[in-house]
Amino acid sequence: MTSSTQDIIYQETIAGAAHWSVTVPAGKILRFINTSGKANVSLLFHNPKDLLERYNAPDTLKCQHTLKLTKGNCLYSDMGRIFCSIVRDDSGWIDSVGGLANKQKVAAKWGERSYQTQRNQWLQNGYDSMLVELAKYGLGKRDMAANLNLFSKVATDAEGNLQFDEQASKAGDVIELRFEMDTLVLISTCPHPMNPASDYPNHPVSVEMCQAESVSQDDYCRNFRPENGRGFENTERYRCETTQASCCVA
């Protein structure tokens, strides 16, 4: 079950073509709201207690037998633990393969503007914006992993070619991630690298942190795939090992 608006702990509006990061405690939800439509939100995840542990896209897709991610899917670390579960996805498709645009790709598509000459109207790219956030925690290029893109859909056509769906990002759509362990979340709102828009996309997103309900044994995400049950158990054991509170795992 998702949280209500009365449970909001913190709110933030992230402008388009910007970046941000936040450490989300276990038991909290991050709610992303596509306020005006056409937004793209790129995400990376790290364990704040051990920054070497990070989001693993191949394992996430392989163990859940999917290319797309949506409600019910869990996002795994490279240690087989679950950073977070997707408990709401109005978009119905979260891109897992599109990656981030770099400076060269942005310049080729939309031209080149520097911050020194254009200030906040410059054309930022997702790769460099993620590097800025990584650097805040002593991380760098070697720590850059495959990312997620919320509110973006990349599917295959009949010939197997990847196609960007321009209609997938709708105003008012909400995606909620429930965090199963403490997680450092890195965020970029720069445009998707496959976006064919003629003008540089610059669309904001609202973010709310909320209290989640306790996860029961019949939880939808826990039982969405058989592998998720094992992922939850791995995560719960880790949480017991890293907290002072006494607990028992069956």
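# Briefing on a predicted protein chain

Asn56 counts as buried, because its relative accessibility is 17% and buried means under 20% relative accessible area. The model in which this residue sits is predicted. The protein chain has five helices and 13 strands. Its radius of gyration is 18 Å, close to the 18 Å that the globule rule gives for 250 residues, so the chain is as compact as a globular protein of that length.

**Asn56 and its surroundings**

- Asn56 belongs to the loop that runs between strand 5 (50-54) and helix 1 (57-64).
- A polar atom of the Asn56 side chain lies 2.8 Å from the backbone nitrogen of Asp59.
- When residues up to four places away in sequence are not counted, Asn56 touches Tyr76, Ser77 and Asp78.
- Tyr76 is thus a contact of Asn56, and the range of strand 6 is given as 74-76.

**The chain as a whole**

- Taken along the principal axes, the box filled by the C-alpha atoms of the protein chain is roughly 60 × 45 × 40 Å.
- Of the 250 residues in the protein chain, 50% count as buried.
- The accessible surface of the protein chain comes to about 11,800 Å², and carbon and sulfur atoms hold 48% of this surface.
- Among contacts in the protein chain with a separation of 6 or more, 77% are accounted for by residues 24 or more positions apart.

- Six strands form an open sheet in the order 1-13-3-11-7-6, and their pairing is antiparallel.
- Strand 1 (8-14) and strand 6 (74-76) are the edge strands, each of which pairs on one side only.
- On average, and with direction ignored, neighbouring strands of this sheet are turned by 20° against each other.
- Within the order, strand 3 (residues 28-33) pairs with strand 11 (residues 174-179) in the antiparallel sense, over five bridges.
- Arg31 stands opposite Glu176, a residue of strand 11.

**Helix 4 and its packing**

- Helix 4 covers residues 126-135, and its buried residues are Gly126, Ser129, Met130, Leu131, Glu133 and Leu134.
- At the start of helix 4, a side-chain oxygen of Asn125 reaches to within 3.3 Å of the backbone nitrogen of Tyr127.

**Two loop residues with positive phi**

- Ala17 is not a glycine, although it has a positive phi of about 60°.
- The loop that holds Ala17 lies between strand 1 and strand 2 (19-24).
- Ala17 counts as buried because its relative accessibility is 15%, where the cut-off for buried is under 20%.
- Phe151, which is not a glycine either, has a positive phi of about 65°.
- Phe151 is placed in the loop between strand 8 (148-150) and strand 9 (154-156).
- With a relative accessible area of 1%, Phe151 is buried.

Note on methods: Residues are numbered from 1 along each chain as its sequence is written. This is a predicted model: local features need pLDDT of at least 70, side-chain atom pairs count only at pLDDT 80 or more; totals for chains, interfaces and linings use all residues. Side-chain values use heavy atoms; hydrogens and water are left out. Two strands pair if DSSP finds at least two bridges between them. Helices (H or I, at least four residues) and strands (E, at least two) are DSSP runs, numbered from the N terminus. Axes are lines fitted to C-alpha atoms, for helices over the stretch in contact, and angles run from 0 to 180 degrees between N-to-C directions. Buried means under 20% relative accessible area, exposed over 50%, partly exposed in between (1.4 Å probe, protein chains only). A polar contact is a pair of N or O atoms within 3.5 Å; within protein, one must be able to donate a hydrogen and the other to accept it, and residues adjacent in sequence count only if both atoms are side-chain atoms. Contact means heavy atoms within 4.5 Å. The radius of gyration is taken over C-alpha atoms; the globule rule is 2.2 Å times the number of residues to the power 0.38. Accessible areas come from the Shrake-Rupley method with a 1.4 Å probe; for residues, only the protein chains shown count as cover.
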